[in-house]
Amino acid sequence: MRYSWMYRFKCLLLDKTLIFWSLCFPLMLATFFSLALKPALTDHTFKAIHVAVVNNTDYQNDTAFQAVLKQVSTGEDAILNITLTGSKSEAEKLLKDDKVDGVIVNKKKLLVEGSGMNESVLKTFMDSYIQKEAMIMDLIKQGASQEAIEKALMQDTSFIQKSEEESAQLFAVSFYTIIGMVSLMGGYWGQRSIYDLRADQSPQGTRVSVAPTHHLRSMMVDILIDIIIHFTIIMILIAYTSFVLGVSYGDKLWMILLISFAGSGAGISLGMFTSCYATKNYGVNNMILTAFTLLCSFLSGMMSVNVKYFVETTIPWLAKINPVNMITDALYSVYYYGGGPRFWNDFISLLIFTAICFLCAYFRLRRKKYASL
Amino acid sequence: MIVHVDNLVKRYGDLLALDHLNMDVEKGEILGLLGPNGSGKTTAINCILALLQYDKGNISLFDQPMAPDAYDLKRRIGVVLQNVAVFEELTVYENIDYFCSLYVKESAKRKQLVEEALRFVELQEFSKYRPSKLSGGLLRRLNIACGIAHKPDLLIMDEPTVAVDPQSRNAILEGIKKLNALGTTIIYTSHYMEEVEQICTRIIVLDKGKQIAKGTKEQLKNMIALKEKITVEQIHITAPQIAQLKQLENLYECNYQGETLEAKFTGGNHNLLHLMETLQREAVAFGKVYSEKPTLNDVFLEITGKELRD
């Protein structure tokens, strides 16, 4: 018995194709995600924004505005990098040449060309200034300390801090999709197990079938080994993204692990199910599983959130039986609501899905004899 | 009786794969199932192993009905499949040990059995190799070791020498004879008549799912008219001279094609001498001359009208 376990472990662990697609590929994908998303989501917030200020009479007469601009454009944590221009046309030329992200014509008129993070920050800064002009004016008139003015400015720059936090969260959410995808990739392990057990799929399966071994026992041994290996892979992925790529999963990591475990079981049993009911050809079964997983991912909104919304509003039963939707929905519920009933609904749905697929696979596998080999 | 197959019928749609096959295997014999590709040999084996559903008939092994959950019977059977059935991820030793562990739970006993199997197929020095590092012949030997390690009473071998070089084939055939000498009953399927002639004590000839003949090789050969075939090469002979040859006693067929003469005799003595005397008398020049006893291919040819190798 011990030997069967050990050898089955070895057989599955040394399957290079399975290991590549289940472990190496997601690790590479996560690394690419990190390389692509991290700068886009975080780098902007730390660079001073180049802005041209038209040195017109409005500006020259508004000493308070001059003081605020001077305040936010000096020091190491400067938000703005100001260039004073003699005329509006000169400032517009700088904007056109991409030398600046915006032009402050006066405190009520801001010119921008793009719609990126810097432009948004400038717009929010100017809106905030107008809203709080009176307060800052009072502080300056009262001869408030620099600390007090900075505090007031910090309120103005809170949107920047918020952006950083949101970026970090958005960054983590991007990795939920990878975890969801890897969970379903457990299907390939389930398919390999069935391939090794069924006489009509492989000569190894024929050997196992003619041996005095009960099918349910063999299947249970394999599904447990599949889950151990596959869940370990998911934990490696989470550890890698957390410790190497710096993804923060917050204080609900145990929920992410729990749903990944259920997702792993669902994936493995789905693989067993497709192998038992689709074709005798291992490669074709792999392709069927891949196509099914991609379809489920598409319907669960992995490519566009609108598809998820459309499915949930027009064909709600399809959303409920879609395993990828169950996983992503549970992960999003962790992100937005910290878990809650929605998370547990998805978790239980995944367990039911797993049980149905496994039982269907077993009923097919326990069939006494084959019609053809 | 080790195996008893009674009136077995198996259809694949409209194709009749096994047509009322009857088969008995006695203890200690090597039964050969001989037939061309597609004759139903593997189908018969799969039915005996309770892998395939069949339409009609009964199969019993060791005087008990065979079924997929007849684990006590399965424990006494070893199978060597046509396709090599080993795991690429395991070493030679581990493969044998894994498949043996499906039959034998006790680890100390299994260790001994695995080592015996390794010695038997002479793979000791390759025990730590992965199957991908083995040659075709060594791989076939590993395939055999996986099937025999648990020392089955009945060994079923389905074309175990397909795509094997002659040297490895001889080693495998010698091994099979050795196993049989140790008391294992063997069912051996092949479309190589030389192999079947060499090792089988009894033969069943199959064609299109039907048993067309059975018996020992001598019995099979006695079933046909041909008892001696004399071939004369590099011969130039005219029609009247052939007519003279046809007067020879026991000669029932004489073919002349491409400078080769083939004369078939139903029996009798000194056929070669009589043929040579006739050729000398007719002043016919010729090259190499040789006489052959009938083969299983001749048996198959005479019964079905086609070559066994087709």
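**Where two chains meet**

Visitor: How many residues does the contact take from chain A and from chain B?

Guide: It takes 28 residues from chain A and 36 residues from chain B, where contact means heavy atoms within 4.5 Å. This is a predicted model, in which local features need pLDDT of at least 70 and side-chain atom pairs pLDDT 80 or more, while totals for chains, interfaces and linings use all residues. Residues are numbered from 1 along each chain as its sequence is written, chains are lettered from A and ligands numbered from 1 in written order, and side-chain values use heavy atoms, without hydrogens and water.

Visitor: What area is buried between chain A and chain B?

Guide: About 3,200 Å² is buried between them, with carbon and sulfur atoms giving 61% of this area. Buried area is the accessible area (1.4 Å probe) lost when two parts are put together, summed over both. On the side of chain A, the residues that lose the most area to chain B are A:Arg207, A:Pro212 and A:Lys369, together 26% of what that side buries.

Visitor: Which elements of chain A give two or more residues to the side that touches chain B?

Guide: They are α1 (2-13), α9 (186-197) and α10 (203-210). Of these, α10(A) gives the most, with 7 residues. Helices are DSSP runs (H or I, at least four residues), numbered from the N terminus, and strands are runs of E with at least two.

Visitor: What makes 88% of residues 223-247 of chain A count as helix?

Guide: That share of the span is helix by the DSSP rule, with 0% strand, and its end C-alpha atoms lie 30 Å apart. Residues 347-365 of chain A are 100% helix, with end C-alpha atoms 27 Å apart. The unreviewed UniProt entry lists both spans among its "transmembrane region" residues, and such annotations may be inferred rather than shown by experiment.

Visitor: How is chain A divided into domains?

Guide: The assignment gives domain 1 (2-41 + 175-366) and domain 2 (49-158), with bounds from an automatic or database domain assignment. Their C-alpha centres are 52 Å apart. Chain B has domain 1 (3-221) and domain 2 (228-293), whose C-alpha centres lie 43 Å apart.
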